[in-house]
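Please read it alongside the coordinates.

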Amino acid sequence: MIRLDLVLVAVAVACALGTVTSQHRARKLFNDLEQEQRVARQIEVEWGQLQLEQSTWAMHSRVEKIAAQYLGMRVPPVSRVRVVEPEAP
């Protein structure tokens, strides 16, 4: 009878340790998940900022201004503009 009690106590202790270990692991994984979600949110904010910056740099008026100032480019006169139509298949 004492041997059975010791076996049952050992099983109960093993179950308790397993429960504590699994709860600790679940909490750690949940913390890791929250950290990764924070990183994902930061990356999304940065992506939005980069898209805004890219649209600012690519504005037609800005490109035209830089082409004129730094490269000496200008719009050709209308008489020199040629429109090329694609051939029909």
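The notes below go through a predicted model.

**Salt bridge.** A search of the whole structure turns up 1 salt bridge. Its partners are the side chains of lysine 28 and aspartate 32, at 3.6 Å from N to O. That value falls within the 4 Å cut-off for a salt bridge. Side chains of opposite charge can pair when their charged atoms come close. Lysine 28 and aspartate 32 are about one helical turn apart, because they sit 4 residues apart in helix 1.

| Residue | Relative accessible area | Class |
|---|---|---|
| Lysine 28 | 48% | partly exposed |
| Aspartate 32 | 37% | partly exposed |
| Arginine 74 | 70% | exposed |

**Helix 1.** This helix covers residues 2-57 and includes leucine 8.

**Helix 2 and beyond.** What span should helix 2 have at 1.5 Å a residue? Its 12 residues should span 16 Å. The end C-alpha atoms of helix 2 are 15 Å apart, so the model agrees with that expectation. Glycine 72 follows helix 2 and has a positive phi, near 70°. Arginine 74 lies in the segment after helix 2 (60-71). Arginine 74 and arginine 38 are 36 residues apart along the chain. Their C-alpha atoms are separated by 48 Å. Arginine 74 counts as exposed because its relative accessible area is 70%, and the cut-off for exposed is over 50%.

Terms used. Residues numbered from 1 in each chain as written. Predicted model: local features only at pLDDT ≥ 70, side-chain atom pairs only at ≥ 80, totals over all residues. Heavy atoms only, no water. Helix = DSSP H or I, 4+ residues; strand = E, 2+ residues; numbered from the N terminus. Buried < 20%, exposed > 50% of the residue type's maximum accessible area, 1.4 Å probe, protein only. Expected span 1.5 Å × (residues − 1).
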